[in-house]
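This short report looks at one helix pair and one group of aromatic rings. Please keep the structure open while reading.

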Amino acid sequence: KVAIKGIERELICPACKELFTHPLILPCQHNVCHKCVKEILFAFEDSFADGGSESSNQSSPRIRITASSMDRIDRINRSGIKRNSLTPRSTLFPCPSCQRDIDLGERGINGLFRNFTLETIVERYRQAARAAIAIMCDFCKPPPQESTKSCMDCSASYCNECFKIHHPWGTVKAQHEYVGPTTNFRPKILMCPEHEMERVNMYCEICRRPVCHLCKLGGGHANHRVTTMSTAYKTLKEKLSKDIEYLISKESQVKAHITQLDLLLKETECNSERAKQEASQSFEKLYCVLEEKKSAALRAIETSKNVRLEKLQTQVEEYQGLLENNGLVGYAQEVLKETDPSCFVQTAKQLHVRIQKATESLKSFRPAAETTFEDFVVDTAKQEDILGDLSFHSNGLEIPEINEEQSRVYNKALISWQCPGKTDSADIYVLEYHKLNKEEESVTWQKTEVCGKSKVLSDLDDDSSYSFRVRGYKGSICSPWSREVIMRTPPAPVFSFLFDDKCGYNNEHLQLNPRRTSVESRAGFPLLLGSERLQVGCFTTLDYIIGDTGIAKGKHFWAFNVEAYSYLVKVGVVPSSKIQKLFHNTPDVISPRYEQDSGHDSGSEDTFFDSSQPCTLVTLGMKKFFIPATPAAPKDPASRILPLPSCLGICLDCDRGRVGFYDAGRMKCLYECEVDCSGLMYPAFALMGGAAVHLEEAVTAKDREYHNYI
């Protein structure tokens with residue numbers, strides 16, 4: 001049997017958040033209760049009539065139009081869609097599942113099908129839920145029936161048939177007291193806890209508790225004064241009645257005492273608050289900063305934890321729905337039980353799409369969140385700095401956030417931040433940073449004060465990771481520290497150059513900007529005329545351009561951006577001795593593999609072209625980064641194709657004779673190879689078809705002024 005409880009999420013109406021009642025299938029294949037559809041449509045009618053005012057959607061206790069639905073009403077009004085005044089309700093229906101405006105047609109609700117399959121499954125679930133909380137008969141053979149009454153004398157529950165069998169007419173059991181089904185069986189006669197088979201029939205005046213005759217004869221109450229139960233009942237009842245009468249007669253006095261106690265409560269509350277304030281002021285100077293840092297760290301960890309748990313829990317629920325007899329799969333199994341073809345088809349259409357999406361997500365599984373919290377580092381090594389940084393925390397100052405998109409590290413580091421509320425509530429900001437070093441036990445933060453919302457740092461080491469954080473100050477009050485952001489510096493000093501517009505520059509195919517920092521390949525009319533004579537199997541010419549400055553020694557790094565629309569771009573380095581060969585080897589080349597008399601296979605041509613290259617280049621294009629086919633590279637071609645980073649970098653080490661290609665955003669090396677650095681080395685670029693390359697601009701003080709202005 002299918003575990004009905006596991007598919008409850010599939011049986012909840014998205015409008016009223018309750019089990020479906022007479023569900024209707026919308027044109028978008030989602031289901032909504034019949035009553036919910038009517039209430040939403042009537043609410044929309046009132047909103048249209050009142051011009052979309054918020055006061056018009058308060059009539060229904062079950063359904064309330066959300067802000068997004070009100071925005072859709074305004075959009076429909078602005079679009080000019082007119083409503084016939086004779087029609088009782090609009091034909092546009094806002095689906096609560098997909099948040100789209102669904103056209104129900106001229107018939108409106110009358111044109112919707114009732115989902116009998118879903119309705120049957122819901123009814124099965126209701127029956128299972130009732131059976132789960134029902135009190136079952138204690139004497140039925142499996143499966144037990146639901147009990148209809150409970151016998152207080154037998155302390156058991158019975159169905160109608162079993163009660164007749166065990167309480168036949170004309171017997172003593174027929175006189176037993178019975179009530180409705182219950183699990184709370186209160187005994188009619190109080191039994192002695194020490195002698196379980198004996199009833200209590202006496203009252204011990206010394207211990208003030210009921211006892212049985214065995215307790216008096218040889219038990220713990222043998223020498224105690226006892227009385228009969230009836231005498232004790234009468235005596236205690238009289239005393240209780242007199243005491244109650246006395247209290248009632250003193251009602252005015254009791255009220256006066258209550259008033260006095262209320263005043264004492266308020267006075268005690270005020271005195272305790274005053275005492276708390278005095279105690280807090282005594283300790284505030286000692287642990288204010290520590291408490292602030294603790295709260296900020298715990299909040300950050302808790303926030304990160306909640307976000308990760310929510311993502312992981314959502315992923316768990318999605319995958320639980322793929323288990324047999326549970327969630328989506330369980331619901332699909334229930335749908336397969338439908339024998340009516342028309343009912344099955346109308347339900348299974350959208351269900352099949354969901355099953356296909358679940359199958360695709362299963363093939364590409366990866367956790368929705370990381371489980372490590374390595375980014376949350378608490379600094380407790382420098383007690384003097386912590387005490388010297390003591391200040392009061394105010395909720396009025398917002399916690400600044402470092403903007404990782406606007407911050408960048410190149411020749412210098414530009415760190416930019418902003419406040420969530422977009423208000424500059426702080427008078428000054430303090431930016432702290434330190435180099436990440438696993439060998440150091442203590443961390444020493446470097447501090448700088450900033451009047452704006454950005455700072456350019458020039459004292460960072462190459463090929464290192466740094467952690468940054470910022471806080472705001474307003475007088476003596478400061479905000480908590482922002483979340484720490486880790487950024488990595490380039491692997492070598494930045495090499496500055498421009499595109500060379502003289503050496504081999506082809507102005508018919510390439511176009512430089514006035515500053516010579518961007519180059520674009522123009523696949524226009526001249527290229528079309530040049531390719532008129534070409535037939536199948538011809539390679540068009542690559543247009544080369546180099547940097548205007550060469551490198552003789554040392555280690556250098558430069559970065560650039562390749563436009564996403566670029567068809568083919570090659571980047572790398574070229575020695576000065578091969579520059580002439582690079583630009584004079586420009587005629588169109590016919591591939592031997594396409595010549596009828598060639599006789600070459602595909603492998604020999606690849607070797608030929610690799611060995612004939614005058615410079616070291618890698619290929620980019622169509623948003624991909626292609627690792628060259630070398631003996632050390634993976635044999636699978638697909639594993640040599642990587643997504644194209646937003647910013648690429650090249651690191652040339654002339655002393656070691658190696659060149660590396662980097663993801664400049666993360667400063668991660670994608671590919672490295674040997675290169676001959678016997679002469680001057682120049683940055684080289686080649687473009688074909690529609691393509692563009694932009695050199696990364698150096699970080700200057702103007703960048704700080706620009707970010708402070710915005």
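## Contacts between two helices

This is a predicted model. In α8, the residues Leu 328, Tyr 331, Ala 332, Val 335 and Leu 336 face a partner set in α9. That set is Phe 344, Thr 347, Leu 351, Arg 354, Ile 355 and Ala 358. Sorted by class, the contact of α8 with α9 holds 9 nonpolar residues, 1 polar and 1 charged.

## How the helices pack

Helix α8 spans residues 327-336, and helix α9 spans residues 341-363. Their axes lie 11 Å apart and meet at an angle of about 150°. Angles over 145 degrees count as roughly antiparallel, so α8 is roughly antiparallel to α9. The crossing of α8 past α9 is left-handed.

## A stacked aromatic pair

The whole structure contains 14 aromatic pairs. One of them joins Phe 139 and Tyr 158. The ring centres of these two are 4.7 Å apart, and the planes sit at 5°. Planes under 30 degrees apart count as stacked, so this pair is stacked.

Phe 139 belongs to the loop between α3 (116-133) and β6 (149-151). Tyr 158 is in strand β7, residues 156-158. The pair therefore ties together parts 19 residues apart in sequence.

Are the two partners buried or exposed? Phe 139 is partly exposed, at 37% relative accessible area. Tyr 158 is buried, at 2% relative accessibility.

Phe 139 and Tyr 158 also belong to one aromatic cluster with Phe 163 and Tyr 178.

Definitions and conventions: Residues numbered from 1 in each chain as written. Predicted model: local features only at pLDDT ≥ 70, side-chain atom pairs only at ≥ 80, totals over all residues. Heavy atoms only, no water. Axes fitted to C-alpha atoms, helices over the stretch in contact; angles between N-to-C directions. Helix = DSSP H or I, 4+ residues; strand = E, 2+ residues; numbered from the N terminus. Parallel < 35°, antiparallel > 145°, perpendicular 65-115°, else oblique. Left-handed = near helix turned anticlockwise from the far one by under 90°. Contact = heavy atoms within 4.5 Å. Nonpolar A, V, L, I, M, F, W, Y, C, P; charged D, E, K, R; others polar. Phe/Tyr/Trp six-rings, centres within 6.5 Å; stacked < 30°, edge-to-face > 60°. Buried < 20%, exposed > 50% of the residue type's maximum accessible area, 1.4 Å probe, protein only.
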